[in-house]
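Good morning, and thank you for coming.

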Amino acid sequence: MNSKWKVVLKNGGFFILLIIITAYIVFKDNDVHDIIKAVSQADFRYIALGIGAMWIFLYCEAYNIVRALRLFGYKIKLRCGLKYALTGFFFSSVTPSASGGQPMQIYHMYRDGIEVSHGTLALLFELLSFVTVTVLLAVAGLAFQHELIFSLGNVKYLLLLGVGLNVTVAVLLIFAIFSPKAIGFLASALIRAVSAFSREKAESLREMTERQLAEYGQSAGYFKKNKLIFVKTLVTTTVQMFSMYAVPYLVYRAFGFDDFHLLEVLSLQAVLYVSVSALPLPGALGVSESTFMVLFRTLFPSSVLGSAMILSRGISFYLFVLISGLFVAGFTLTGKKKKEKKHGLHNINCGGRQGYRQSSQALSGE
């Protein structure tokens, strides 16, 4: 069996184990029949809107990827961008710290004839936008809901830690792209510290750092030449995140409540998302559910809080892990058949090598 798929199966098994543990935590204090009854009484129109909002989330990411790849001259269609978005969603969901998402996106791009360097830069372009928007929305949400959040006891430390870690990642990413000297200095200090314990690991870290800095240095010129495109990407990402953050509000309305307005729910969800996204668990399983129960107990009556959490996470996470997994399986099977038919040549339906000459010119500024 391919080592890549061994890793996927290993992480998938861990993911299933976490689902079982999460289900136990949720259902041990909630009657299953009560939850089923509450969910069955919810307004299906709002549930449908929630599912639609998640498709908007995926299409926004797809459009950002397509927009970035088109800068390199690839004649790529939106359906191919959706393929990469679904791939990223699935592998980010089933691997710790979402570590498998981008590598698998790059792999599928390469199979479609997109150069690895171009795919990497396009995803870095999209990642910077994603991190920037999620951090800004979380900080705004924290400011807007600070009284509620600071009244949550020990949970507030988890929320603050999550926001702090993501702010740090955003700052480091910006420095890595736009100030290689600053990040190079920090990397050198880290390598010296590691070398005190292991020269072999320090050398391995040095090689990885040099490779990453070269990659980020190349991307700096890419960003500087396309400032307007990046602004457009930020706008699209904002729509993307608002779509996902709106799911709890739509669930709230599905249960017939309207005391809290959309902005209040969006603020809480923005803080919740950033707080748990930094944790090294596939899909932040368990933590997302338990934090939802604490953070949203001011919105939902205790009688439906468990049902609301299951429905909200079911729409925004579990359902689309299933959908994206089925799509990824389909992409993999059809990709193998196409590759066999083309006798080893890459499938060029998603851009392919016909865009290589143009993309090389785009990188060089010709």
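Let us begin with the contacts. Of the contacts in the chain with a separation of 6 or more, 77% are between residues 24 or more positions apart. Please keep in mind throughout that this is a predicted model. The chain contains 16 helices and zero strands. It has 366 residues, and 48% of them are buried.

How confident is the prediction, in terms of the average pLDDT of the chain? The average is 75, and 66% of the residues score at least 70. Two stretches call for caution. Over residues 340–348, pLDDT stays under 50, and the model has 15 contacts for this stretch beyond four places in sequence. Over residues 353–366, pLDDT likewise stays under 50, and here the model has 27 contacts beyond four places in sequence.

I now turn to the packing of helices. Two packed helices are described by the angle between their axes and the distance between the axes. I shall give both values for each pair.

Helix α3 covers residues 44–70 and helix α6 covers residues 116–144. They pack at an angle of about 130°, and their axes are 9 Å apart. Because of that angle, α3 is oblique to α6. Their crossing is right-handed. On the α3 side, the contact is made by E61, N64, I65, A68 and L69. On the α6 side, H118, G119, A122, L123, F125 and E126 take part. By class, the residues of this contact are six nonpolar, three polar and two charged.

Helix α3 also meets helix α11, which spans residues 227–245. What is the angle at which the axes of α3 and α11 cross? It is roughly 165°, and the axes come within 7 Å. The two helices are therefore roughly antiparallel to each other, since an angle over 145 degrees is counted in that way. The crossing of α3 past α11 is left-handed. From α3, the contact draws on A53, M54, I56, F57, C60, E61, Y63, N64 and R67. From α11, the contributors are I229, K232, T233, T236, T237, V239, Q240, M241, S243 and M244. Sorted by class, the residues in the contact of α3 with α11 comprise ten nonpolar, six polar and three charged.

The contact of α11 with α13 has seven nonpolar residues, one polar residue and no charged residues.

Setting aside residues up to four places away in sequence, R70 touches I76 and K77. R70 and A122 are 52 residues apart in sequence, while their C-alpha atoms lie 9.3 Å apart in space. You will recall A122 from the α6 side of the contact with α3.

Next, consider L86, which is placed in helix α4, residues 78–94. Is L86 buried or exposed? It is buried, because its relative accessible area is 1% and buried means under 20%. Which residues does L86 touch, not counting those up to four places away in sequence? They are W55, L58, S324, F327, V328 and F331. For L58, the C-alpha atom is separated from that of L86 by 7.0 Å, although the two residues are 28 apart along the chain.

Finally, Q41 is placed in the loop between α2, residues 32–40, and α3. Its relative accessibility is 57%, so Q41 counts as exposed. The C-alpha atoms of Q41 and G256 are separated by 9.7 Å, and these residues are 215 apart along the chain.

To close, I return to helix α3. It is oblique to α6, and it is roughly antiparallel to α11. Thank you for your attention.

Definitions and conventions
Residues are numbered from 1 along each chain as its sequence is written. This is a predicted model: local features need pLDDT of at least 70, side-chain atom pairs count only at pLDDT 80 or more; totals for chains, interfaces and linings use all residues. Side-chain values use heavy atoms; hydrogens and water are left out. pLDDT is the predictor's confidence in each residue, from 0 to 100. Contact means heavy atoms within 4.5 Å. Axes are lines fitted to C-alpha atoms, for helices over the stretch in contact, and angles run from 0 to 180 degrees between N-to-C directions. Helices (H or I, at least four residues) and strands (E, at least two) are DSSP runs, numbered from the N terminus. Angles under 35 degrees count as roughly parallel, over 145 as roughly antiparallel, 65 to 115 as roughly perpendicular and the rest as oblique. A crossing is left-handed if the near helix is turned anticlockwise from the far one by less than a right angle, and right-handed if clockwise. Ala, Val, Leu, Ile, Met, Phe, Trp, Tyr, Cys and Pro count as nonpolar, Asp, Glu, Lys and Arg as charged, and the others, Gly among them, as polar. Buried means under 20% relative accessible area, exposed over 50%, partly exposed in between (1.4 Å probe, protein chains only).
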